[in-house]
Amino acid sequence: MRDIKELVSKILLNEITDDDMTEEEKKLVMDFIEKESKEIEKETKKAQKEKEKSLKRIEKLNKANEKLDKLIEKESK
Amino acid sequence: MFEDIVNSIKDDVKKDIDLYTGKDVRPFGSYRPHELRKLPLTTIVKSLKMSWDQLGKEQEEAREAQSMEYNMEASFVQKAKNFFDRNKRKFVVGFNLALVGVGAGLNLNYFVNNGQMLPEGQDIIAPIVEKIQSTIQQERIDEMEQPVVTVGEHETTITDKATEHEEFKAELQEGVVQEEELTQEQLEERAEINQEQNIEDAKVKQSQEIQTDDMVK
């Protein structure tokens, strides 16, 4: 029986189809799909959340920066 | 009419064929559950690969945003620090070393008030203000230990200021200075003197009461 690494590599290289896999190998691939799909979904949400958080903070910093610029302008008068 | 229906069926069939033969590979999240059930495993693995590539892009974008955020924050903090470094001397005026004041203290108050009044900027400004205030407070202590204090372009000493303060206090008590002649700064100083005097009076009164009590006993 081939391991999951070999199976996935061959799938991505279009070297095998479902028909070329044994039932055990299919089970292995199905487990891989289940585990990886959850992981990818979790990580994607995490990355999106982090990006959103940074963008919000950038917006706040922009506003604070504008206020500070006004103060500096006032200071120079 | 009939031709439209036939063409529509043809399109649907073609879509199904593409989907189930793996020609139509989309990111994993875009498939509906009933579609996923019918998909070949090889197509699902390819679809997962697409989602994984997208995740890489999302992570890269998040890192870029985070890096931009850190750079902006560092630059803002530096700018704010420079602003206060330039203006903090305005708050060091001889005896009256209070941070909160009118006129000279306008900039700092304005900034602090802004921090409090701006909920969206508060979490950014408030800690900086706090940090700067504690720095200024420390420097106030240092200034007290040093004889020379720079006020704007003029140089004076704590002792000179103390003398001026005492002289002003005496003039006030003697009624030499009239209220209408007082500047805003002097009005504030007078308020402080009155407060100090009230505290002193209260202390004297309390001590006298204790003495009287002792005598009675």
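Guide: Welcome! pLDDT is the predictor's confidence in each residue, on a scale from 0 to 100. This is a predicted model, in which local features need pLDDT of at least 70 and side-chain atom pairs count only at pLDDT 80 or more, while totals for chains, interfaces and linings use all residues; side-chain values use heavy atoms, with hydrogens and water left out. Residues are numbered from 1 along each chain as its sequence is written, and chains are lettered from A and ligands numbered from 1 in the order in which they are written.

Visitor: How many contacts beyond four places in sequence does the model have for residues 91–124 of chain B?

Guide: Contact means heavy atoms within 4.5 Å. Along residues 91–124 of chain B, pLDDT stays under 50. For this stretch the number of contacts beyond four places in sequence is 58.

Visitor: Which helix of chain B has the highest mean pLDDT among its elements?

Guide: Chain B as a whole has a mean pLDDT of 65, with 44% of its residues at 70 or more. Helices are DSSP runs (H or I, at least four residues), numbered from the N terminus, and strands are E runs of at least two. Among the elements of chain B, α4 (residues 106–117) has the lowest mean, 38, and the highest, 87, belongs to helix α3 (residues 41–87).

Visitor: What area is buried between chain A and chain B?

Guide: The two sides in contact are 39 residues of chain A and 37 residues of chain B. Buried area is the accessible area (1.4 Å probe) lost when two parts are put together, summed over both. Carbon and sulfur atoms give 71% of the total, which is about 3700 Å².

Visitor: How many salt bridges does the rule find across the interface of chain A and chain B?

Guide: The rule asks for a side-chain nitrogen of Lys or Arg within 4 Å of a carboxyl oxygen of Asp or Glu. A:Lys51 and B:Glu61 meet this way, at 2.6 Å from N to O. Across the interface, the salt bridges number 5.

Visitor: Which helix supplies the largest share of the side of chain A that touches chain B?

Guide: Helices α1 (4–12) and α2 (23–76) of chain A each supply at least two residues of that side. The largest share, 31 residues, comes from α2(A).

Visitor: Is B:Glu69 buried or exposed?

Guide: B:Glu69 lies in helix α3 of chain B, and its contacts beyond four places in sequence are A:Ser54, A:Arg57, A:Ile58 and A:Leu61. Buried means under 20% relative accessible area, exposed over 50%, and partly exposed in between (1.4 Å probe, protein chains only). Because its relative accessibility is 8%, B:Glu69 counts as buried.
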